[in-house]
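Trainee: I am new to this structure and would like a close look at a single part. Please start there and then connect that part to the rest.

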Amino acid sequence: MTILTQSTLSHLDWLEAEAIHILREVAGQCANPVLLFSGGKDSLCILRLAEKAFRPGRFPFPLMHIDTGHNYQEVINFRDQRAAELGERLIVRSVEDSIKRGSVVLKSADESRNKHQSVTLLEAIEEFGFDCCIGGARRDEEKARAKERIMSFRDEFGQWDPKNQRPELWNLYNARAHKGENIRAFPISNWTEMDVWQYIEREQLGLPSIYFAHNRDIVMRNGSIFPVNVPLTNGEVINQPKADEEVISMQVRFRTVGDITCTAPVPSDADTLNKIVLETATTTITERGATRLDDQTSEASMEQRKKEGYF
């Protein structure tokens, strides 16, 4: 007598299978894709998904990071370490180089470089002829993210039109693009911040240390925690406190990592993955709403940046 057993996939198994399918669709449809890798938690999940999709062979695309020059040392060091462990090619293009070329002009020396990554990204796409950029965007991050398809079409100027997007019925993805046009593919678009942390915990992925609770010098600025006296990899120290600001040491962690000038930490004692998962389950503020100062300037700030070519 044969006994049939039925196995039930967890929600993480379903999300993982969908993301692997999307990565393989990109590899099958696109001639020259690239995976955007910053060393942050979302792109680390995509690296693990790429391992499951393509190992034991090499990835069918290189890794690329658009470095503002104002990234946290811990994240840059981890980025390089992870790429070396995987043995994959890592391309780094810098906003600093775009400033030297004159394609990026800052209004002031202390202006956030975050939005200017769009220019450097478009320059890198043209330099290497990439027809698809794989990114770690999630729909729960921000309102503009929720409008975007998994395969997001960009025109020959790198622009995104939220009113002109391709349908994605029955999980059929269209990555076709003419020369000069570009696709942005988001394999974890249907994931939430909680899904990401649960997946990291399940897969026991390594992370930059600033994702865990640690003590840091901060000031309170415009109602947000603002990290100060932050060292860069080149030895420079940025985010100097203003004369009337009181610098205090606070136990914090970062929910997201990005340009130092616009990424705020949150108060936390979560120093393990399990504690981070529990903390995420109880938060009522979105990841970007709590930590990205550049998204708080207006309701449409992210959407405007995406129309201009942002990730």
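Does Asn239 count as buried or exposed, and at what relative accessibility?

Mentor: Asn239 counts as buried, because its relative accessibility is 10%; buried means under 20% relative accessible area, exposed means over 50%, and partly exposed is in between, with a 1.4 Å probe and protein chains only. This is a predicted model, in which local features need pLDDT of at least 70 and side-chain atom pairs count only at pLDDT 80 or more, while totals for chains, interfaces and linings use all residues. Residues are numbered from 1 along each chain as its sequence is written, and side-chain values use heavy atoms, with hydrogens and water left out.

Asn239 is not a glycine, yet its phi is positive, at about 60 degrees. The residue lies in the loop between strand 10 (237-238) and strand 11 (248-253). Helices (H or I, at least four residues) and strands (E, at least two) are DSSP runs, numbered from the N terminus.

Strand 11, at one end of that loop, belongs to an open sheet of four strands in the order 8-7-11-12, with antiparallel pairing. Two strands pair if DSSP finds at least two bridges between them. Strands of a sheet pair through backbone hydrogen bonds, either parallel or antiparallel. The edges of this sheet are strand 8 (224-227) and strand 12 (266-267), each of which pairs on one side only. Strand 7 (residues 214-221) runs antiparallel to strand 8, and four bridges join them. Opposite Ile218 stands Pro227 in strand 8.

Arg154 stands opposite Asn182 in strand 6.

Another backbone feature is the peptide bond from Arg55 to Pro56, which is cis, with omega near 15 degrees. Pro56 has its place in the loop between helix 2 and strand 2 (63-67).

Helix 2 (residues 41-54) also meets helix 7 (residues 193-203): their axes come within 10 Å and cross at roughly 55 degrees. Helix 2 is therefore oblique to helix 7, since angles under 35 degrees count as roughly parallel, over 145 as roughly antiparallel, 65 to 115 as roughly perpendicular and the rest as oblique. Axes are lines fitted to C-alpha atoms, for helices over the stretch in contact, and angles run from 0 to 180 degrees between N-to-C directions. The residues in contact (heavy atoms within 4.5 Å) include Cys45 and Leu49 of helix 2 and Trp197 and Ile200 of helix 7.

As for the whole chain, ten helices and twelve strands are present. Of the 311 residues, 52% are buried, and Asn239 counts as buried too.
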